[in-house]
Amino acid sequence: MTRQRLIIAALLITAIGVFFISGAHQWFTLETIKAYQSDFQTAFTQNPWQVAGIFFAVYVVITALSLPGATLMTLLGGALFGLGWGLLIVSFASTMGATLAFLLSRFLFRGPIEKRFPRQFASVNRGVERDGALYLFTLRLVPVFPFFMINLVMGLTRIKTVTFYWVSQLAMLPGTAIYVNAGGQLGELESLGGILSPTLIASFLLLAIFPWIARRIVQLVQKRKAYKGFTRPAGFDYDIVVIGGGSAGLVTSYIASAVNAKVALVEKHKMGGDCLNTGCVPSKALIRAARAAHEVRTAHRFGVTASEPQVDFAKVMGHVHQSISDIEPHDSIERYNGLGVEVYQEHARLISPWEIQVGDKILTARHIVLATGARPRVPSLPGVKSAPVLTSENLWSLTELPKRLVVLGGGAIGCELSQSFARLGSQVTLVEGVSQLLGREDPEVGELIESTLAGEGVSVMTDARALEVLNGETGYQLVVEHDGDRKILPLDYLLVSAGRQANVEGLGLEALGITTTQAGPLELNERLQTRLPNIWACGDLAGPYQLTHAAAHQAWHAAVNALFGELKSFAVDYRYMPAVTYVQPEVARVGLNEKEANAQSIAFEVTRYAMGESDRAIAEGATQGFIKVLTVPGRDKILGATIVAENAGEWLGEFTLAMKHGLGLNKLLGTIHPYPTLGEAAKATAGVWKNAHKPERVLALLKHYFNWRRGDSSAKKIDT
């Protein structure tokens, strides 16, 4: 806690202490107020403005300090000033005092509590941002919730002060009016409990839920407005029509068919989408072939002599296409027809919120799920249109190994393919526009991968800006600006891995008013709805992740929300989204890294474990890398884990599981891991954390205890 917080906290504690020690709290009883009612009335008659001012100030202070007595002050206000003036004075005094209490709570407690419980409060603040005014209005209207507690708790959230003030002023009026009115008959009151009858409390409760009913009415009005100009069909061919047969579309169709909904799936190209045909599967097959070449080339490390590997690139690509072919049945039309999904291999275009033009047919559906994916983004460099450009889409048609390959983009795909082609024998130059590779990771991760690639022959250029592509006498060249100079990079192919853009063209979205964000994906709410409540999106089209497992995660939400959203819907939770970059060593991460935690002002501790300490890594000759775990300061709660190691993606799941289910490092340390394995390093990392947080005082006492048991004279004096 800062010095300012300590000073203010000390002043508040002193003021509260004085209130009780001085006996001032004894004045705030119903009996005392009734006994001195005539004296208060006389003082008010003689000095109305002075008494009103003192009353107002005392009320504000009592409320601001969350002291007992506000209810009795309200009754006294009614007795002194009558219903009209009493309601006006008490209403403003109570709201001002409540706002001061709110601000004190925010100043003293919000920062430290948010740092200690960042994930929980992130979720709370999302709800407050969406419905904070309604929450506060409801709480204020129901008398069973202590008002001082509402002030303190709301101060911990991110609700705006002005919103807190006006909602409090409005919502406290009914209760204030009742208590002020009761003050007019102060002499007849026997207890505070007699003011609010069960019927009156029930009335407040009904009044409190009215805003939620009103909100539902507003939503219905907005829904009617969104559908204005469209005629809803009397009946539907399908419960869901899914457009796009990639990972997101396939999972959506699978889930919907599993609950016996009638489903149609429309895919104009190949089933399986990018993941099967141009992304995950072919790239991992290529990476494995390149790794085999690297293993032959470096076998001498283990005492095995081998000549330089002979790479038959045509056969390498044959292995890639065979992998696709072997996995293809999992995503085939035949399989999905067998699941009860009707598959159309046609182009789809929306002609209304419920109608889809599919070839020469028009399909109708209660819900439509868009899962059309994304495609590689090619920058508009001068000369690039006539250049031999490769992307993740056309790369797999290569039959000859490029001799000179320039890779534009140092993200996950760029790093993976740079390493793979270099291992297969290409002369590779990797060009990245920012200061490090894998820009979302911590700098040390980017530095390690850069040094690894450079050690394998890749020429890495960071902070390099591509300017244009030239076609001269010696062939194609990429012109870049690097270290203040223009440099010429000769190439046979330019492999572009500079991001992806959503496939929205030709779907008819513009006519329906469905728009995209500046980043490219569709404008969606947290439940994956477009502006039209029955049209949803998932996968690369929805963002923010370009990952197959993220698409599947979203697909579950899209399917369940579409089919059952009128009963219960679910916001997508991205907190525990793992990601792996398949270079060697692999880079695997879940949750926060240091860069993100600092950007979000989240306090953390770092625990590191070097893979050079792992027995299995030493035996495998795979000591490059480390594990870095971020935890809540002083606790074993995991905020994020980064693994840079051999096959890191295979054992990242342990940290993902721990975070998802609230298991800390102590639980990992107490779990038996097989020896010797690389995954045992997760337990070792937990051991490093435990060693840094061992109870020194307890250990000191134990040392003296064992000395005493041995009869050691040094045990005579125990340091406490």
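**Salt bridges and a buried threonine**

With a relative accessibility of 39%, R608 counts as partly exposed, a label for anything between buried (under 20% relative accessible area) and exposed (over 50%), worked out with a 1.4 Å probe on protein chains only. The model here is a predicted one, so local features need pLDDT of at least 70 and side-chain atom pairs count only at pLDDT 80 or more, while totals for chains, interfaces and linings use all residues. Residues are numbered from 1 along each chain as its sequence is written, and side-chain values use heavy atoms, with hydrogens and water left out.

R608 has a partner: its side chain meets that of E444 in a salt bridge, at 2.6 Å from N to O. The pair links distant parts of the chain, with E444 in helix α17 (residues 443-455) and R608 in strand β20 (residues 605-610), 164 residues apart. Helices and strands here are DSSP runs numbered from the N terminus, a helix being H or I over at least four residues and a strand being E over at least two. A salt bridge, for its part, takes a side-chain nitrogen of Lys or Arg within 4 Å of a carboxyl oxygen of Asp or Glu. E444 comes out as partly exposed, because its relative accessibility is 25%. Both residues also belong to a network of salt bridges that links D442, E444, E594, R608 and K628.

As for the general idea, side chains of opposite charge can pair when their charged atoms come close. The structure holds 21 salt bridges. Another of them joins E505 to R375, where the closest N and O atoms are 3.2 Å apart. E505 sits in the loop between β16 (500-502) and α18 (509-512), and R375 is in strand β7 (residues 374-376), so this pair ties together parts that are 130 residues apart in sequence. E505 is partly exposed at 48% relative accessibility, and R375 is partly exposed too, at 23%.

R527 and E526 give a further case, their side chains meeting in a salt bridge at 3.0 Å, N to O. R527 has a relative accessibility of 22%, so it counts as partly exposed; E526, at 30%, also counts as partly exposed.

Now to T581, which is found in strand β18 (residues 579-581). T581 counts as buried because its relative accessibility is 8%. Once its neighbours within four places in sequence are left aside, T581 is in contact with A412, E416, L438, E586 and V587, contact being heavy atoms within 4.5 Å.
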